[in-house]
Amino acid sequence: MQTTTLQIAWRNFGRNTKRTALAILAIAVGQFALLAADGLMRGYADNIRLAITGPMIGHVQVHAAEWRQERAIDLVIEDTERIVGQIQADPSVMSAAARIYAPALFAPEQDAFVAMVVGLQCEIESHEWGLLSGMSEPLEKGKVLIGYRLARKTGAKVGQEIAVVGQAADGSLANDLYVIQDIIKCPADIVNQSGVVMSLDDAQQLLYMPNAAHEIVVRTNQSGQAKQLSERLRQMEGLNGAEVLPWQELVPELVVLLDMSDWVGYFVVVIVCIAALAGIANTLIMSTFERMHEFGMLLALGSRPRRIVRMIVYEAILTGLLGVAGGTLLGYVFVWVTSSTGIDMASWGGSGGEVADMAYKGLNLPLHIYPRLEISDTLLGLAAIMATSLVGSVWPAWIAGRLEPMEAMRA
Amino acid sequence: MMFSVSSKYAMRSLLRHGRRTILSVVGIGVGCGLCLFMIAFVRGENKMMLRAAAESGAGHFRVVPAKWNETRENDLRLIDWQEARKLVASMDEVEVVTPHARKEVLLGFGTRVVGVEMVGVDPNTEQVSNRLVRNVVEGHYLDGEKGITVIGRTIATRLRVEVDDELMVTAAGADGEMACAMLRIVGIVETGSRDLDATICQVNVQDVEQITHLRGVGDLTALVKNPKKLKLIVKSLSEKLGADYSVVTWEQLMPELASGVKVDETWTRLTVSIIMIVVFLGIASAQLTAVLERRKEFAVLSAVGMKGSRLVQIMVYEGLVLGLAGAVMGLAVGATSAYWVATKGIDFTNMYGTEDMSVSNILIDPVFLGDFGWWLVPLAFVLALTATILSSLYPAWYAAKTDPAAALRVEH
Amino acid sequence: MKVRIIDTMVVILCMATAVLGAPTDANDANNVPIADANKVLSKLDTGFIKDGKLDLDAVIEYVEDMYRSKSSISQMTLIVTKPRQTREVAMKVWTRGKEKALIVIESPAREKGTATLKVKKNMWNYLPRIKRTIRIPPSMMLASWMGSDFTNDDLVREASYREDYTYKLIGWSKDPNGWLVSFNAKPDVVGLWKRWELVVSANGRIPLVARYYDRKNRLSRTMRWSEVREFDGRQLPAKMEMVPEDKKGQKTDLVYEEIDFDVDVPESTFSLSRLERKR
């Protein structure tokens, strides 16, 4: 008996193509919208996470104990080369770069300005997530890059020979001459503000700290695993006594930002969900009610009300499944299409593409959103829509089942 | 005459199929209400973003010396700043205007030293325009007293000082010599960000004048009541002030923040679009479904002699009425929820899993307030009517084309 | 004669009774009331006695000008001790009056030729390796000099104890033994120290200890003088040791190896061009 109901249900499908199509379409659109919203929200949150674990902070950082509080030049990580090598041996490590930070006086002429020497491993840092990403020419020995704000403040020009004077790690007066190779705009605002960037080797020479560094920034290809990675690195024998921290502990205030945008994302998805479900429910209820006289005929012909309800339920399930399948397909196509180039928020904003990367608290948020989906999104959509479809169909069906055939036919 | 026939038929049709009508109106109303709510929320969020950006120190616009645009030097001073300030304050659109005089200094206490940019302010108006200094956790904010300062928590920690301790300030004076003074700490500020706390050192304008021997202030920062009118305000002010002054907007001052706000706006526009499309399609599909079932009805009318165009009219009328009713309901739902969000707001406070609230409440408001206003009304009607009328057109056209005989065939 | 001895004995007896007032806190344990200090008056150089009492003004004036002269050339060693390392620098110093000083590093080899020039309140550094002169920004006055516990301001400030501080004799210090003088910053003076204390040797000639108290009246740093020797006819402490209070394992020693007072030091020594040309 069940089979026949199912067959009838299936046949009903084919019979009223337009109505069925409309219902399926409504559901598909709903699921697609849900997935699109999910994808976009995830992409946006990803961006924030990327910005935080961006060039300046990375996923895990290594310092000599107490360096972060004291910022003393001589609180260094010794034997940097070997340690960086050791860190890179960990399978989940994508890159490890050593850095030197030292306050210094920067003197284009005789007058000196307060600045900060930043020693970087230029090779590594000019990759996508480094501080020097996008730099076309390598930084030559004896040359420096000046943060654009510092350059503006001091009138420094490319090609100028400048003196850098500071305190070396051994307490003596560190001093040397450098030529300005370029004026840069760095993802990290502090560098723009007061940074004099030189190669790590040059910085080690200037500050008499051979094979030493103040900070090692580690990036992993499994961004969710930062805490575990920092645990593993802490156990490494070369890093005994050093401070190894994942980004969540380095910038707790930015973690709050992340949490909040997660919540806003959920909120948006919920609203989209409600809108979609409302539309689907509306459609299905309407559709079922419109078929009242059809049910009336069936009743008149001797069908049991229960069978009618069952038929409607099967139809609802079929409609739901087909619609969800279609919508999911569309959703994944959308994500796949946009995942290569990303959605360019800059051009949407209509400012002519000159838009600078957004800086929030010294970080830069990239302006391309790459939507991303997880299986749970589809499953949630499926569950919600199925539930709605059933409710949307069953209620009117139940009413239909209780009708007198004549009444139903007249409806 | 025929006109009213269409409308009469439309009305009667709607009333006869009460359930269908109600379902339609509810569907339109809910969808419309959701859209209104979402738009109100998003507009509110945009406003808040903009406000947060303006209140973190840049203001909506700044009056600076004309030369500042080239060199961006902090030492440049405005001539006759009090007159300029009065002029700006006299504009209705301006909410508050406050002066700043900046100087890079070293603060010293005992054997410890910290470098910072000291800012001379007017205590009466500074906290209104700058949210970063509103959270004074110890002591109190500046008052008219001379020789006092308010510093950020990080500076206090690095110098190992507290309220009432006296700091020594050294700077390069106007003559290139060392200028120094004593400042007593009256308040310690926490912004929630350790980095920002290291940048806060505020004093009275007169103290900066005294230390640096540079008279006057470097800029006047102002907040406006309606940011949408910013360009006009700036233009008119530039004309009034003359060539010695330059008026810059916050977008010119902080282009990164400006693009951030734009991104946020774009983002919210995107999400609202998604919702509107979903709602629109939901309404349309429901309407279409209803209409599809009426093929027979149309066929009968057609057979009885009703012209296609009249049928279309009927459809349009029905759509109109449904749309109006739906808009009203949408307003009822949407406006109430928008009002609630605009006054009570959505409190994200409890959702901060890890951190204590004081961490970011200065920079980002944890309570989202929506926008609320008369704009809700026209928007509701436009949304509802567009959705219903457009979704009536296809079936109407389709119905008009249907061959009555074909439609009346038993097969359904 | 007879009367004198009796007078003195009476005075001493009175002092004895006065002294029986117990010390109320740690500071007082170091101090003996002024009156009783007169017991040691005898140890004072006669130049510092006025009206049978300690002539504080004279003592302070002497101590202030101890190392000064119209001009001088000296050889000094700066030793900076930090928890993780120690650094020793040998310097030659030319001075003229209070306003001008030229300090040139002679060793270690890496820093040889680095010079600091002070004229009034201005400071420059000459860096021989890059052959450049940098002017120390006025705002950097509170920064440390040469990485030591002395600030640029310490070097540049024409220490005018008498102008910026009111001083008075507190009493007799037990540890170390000497006259305890307290200097309190005058109300409108701009400076890091709310007060500081100086202990001068019994004969009034040698400063022993200076304790600097920050604006919160906490002991912030302590300077000790020691190793008194003869330098070109003057008895002076060769070693000055500066110890900051809350930086563990850190101190700075400044040691005079040789001083020649009132030698010929031409004005031209203290010029930037001379600085650059010479090296």
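This is a predicted model: local features need pLDDT of at least 70, side-chain atom pairs count only at pLDDT 80 or more; totals for chains, interfaces and linings use all residues.
Figure 1. A compact globule of 412 residues would have a radius of gyration near 22 Å, whereas chain B has 31 Å. Taken along the principal axes, the C-alpha atoms of chain B fill a box of roughly 100 × 50 × 30 Å. Of the 412 residues in chain B, 49% are buried. Contacts in chain B between residues at least 6 apart in sequence are also worth a look: 82% of them join residues at least 24 apart.

Figure 2. How is chain B divided? Domain 1 of chain B takes in 2-53 + 259-408, and domain 2 of chain B covers 59-253. The C-alpha centres of these two domains of chain B lie 49 Å apart. Turning to chain A, domain 1 is made up of 2-53 + 255-348 + 358-410, and domain 2 runs over 60-249. In chain A, the centres of domain 1 and domain 2, taken over C-alpha atoms, are separated by 51 Å.

**Figure 3. Helices α2 and α13 of chain B, where they cross.** Helix α2(B) spans residues 18-55 and helix α13(B) spans residues 308-343. Their axes come within 7 Å and cross at roughly 35 degrees. What is the hand of the crossing as α2(B) passes α13(B)? The crossing is right-handed. The residues in the contact of α2(B) with α13(B) comprise 17 nonpolar and 9 polar, with no charged.

**Figure 4. His213 of chain B and its contacts.** His213(B) sits in the loop between α8 (205-212) and β9 (219-224) of chain B. Is His213(B) buried or exposed? With 12 C-beta neighbours inside 10 Å, His213(B) counts as exposed. Once its neighbours within four places in sequence are left aside, His213(B) is in contact with Gly173(B), Ala174(B), Asp175(B) and Ala179(B).

**Figure 5. The contact of chain A with chain C.** Chain A gives 16 residues to this contact, and chain C gives 20 residues. Which strands of chain A each supply at least two residues of the side that touches chain C? They are β2 (93-107), β5 (161-167) and β6 (173-184) of chain A. The largest share of this side of chain A, 4 residues, comes from β6(A). By residue type, the side of chain A that touches chain C has 7 nonpolar, 5 polar and 4 charged residues.

**Figure 6. Gln160 of chain A in its loop.** Look for Gln160(A) in the loop between α6 (148-154) and β5 of chain A. Gln160(A) counts as partly exposed, because it has 15 C-beta neighbours inside 10 Å. Leaving aside neighbours within four places in sequence, Gln160(A) is in contact with Pro108(A) and Ile180(A). Thr53(A) is 107 residues from Gln160(A) along the chain, and 34 Å separate the C-alpha atoms of the two residues.

**Figure 7. Backbone geometry at Glu66 of chain A, Glu227 of chain C and Pro108 of chain C.** Most residues other than glycine have a negative phi, and most peptide bonds are trans. Glu66(A), although not a glycine, has a positive phi of about 75 degrees. Its place is the loop between β1 (60-63) and α3 (67-70) of chain A, and Glu66(A) counts as exposed because it has 11 C-beta neighbours inside 10 Å. Glu227(C) also has a positive phi, near 55 degrees. Glu227(C) belongs to strand β13 (residues 219-231) of chain C and counts as exposed, with 12 C-beta neighbours inside 10 Å. Finally, the peptide bond from Ser107(C) to Pro108(C) is cis, with omega near 10 degrees. Pro108(C) lies in the loop between β5 (100-107) and β6 (115-119) of chain C.

Figure 8. Of its 279 residues, 32% count as buried. Among contacts in chain C between residues at least 6 apart in sequence, 41% join residues at least 24 apart.

Terms used
Residues are numbered from 1 along each chain as its sequence is written. Chains are lettered from A and ligands numbered from 1 in the order in which they are written. Two residues are in contact if their C-beta atoms, placed from the backbone, lie within 7 Å. Ala, Val, Leu, Ile, Met, Phe, Trp, Tyr, Cys and Pro count as nonpolar, Asp, Glu, Lys and Arg as charged, and the others, Gly among them, as polar. The radius of gyration is taken over C-alpha atoms; the globule rule is 2.2 Å times the number of residues to the power 0.38. A residue is buried if 20 or more other C-beta atoms lie within 10 Å of its own, exposed if 12 or fewer, and partly exposed in between; C-beta atoms are placed from the backbone. Domain bounds come from an automatic or database domain assignment. Axes are lines fitted to C-alpha atoms, for helices over the stretch in contact, and angles run from 0 to 180 degrees between N-to-C directions. A crossing is left-handed if the near helix is turned anticlockwise from the far one by less than a right angle, and right-handed if clockwise.
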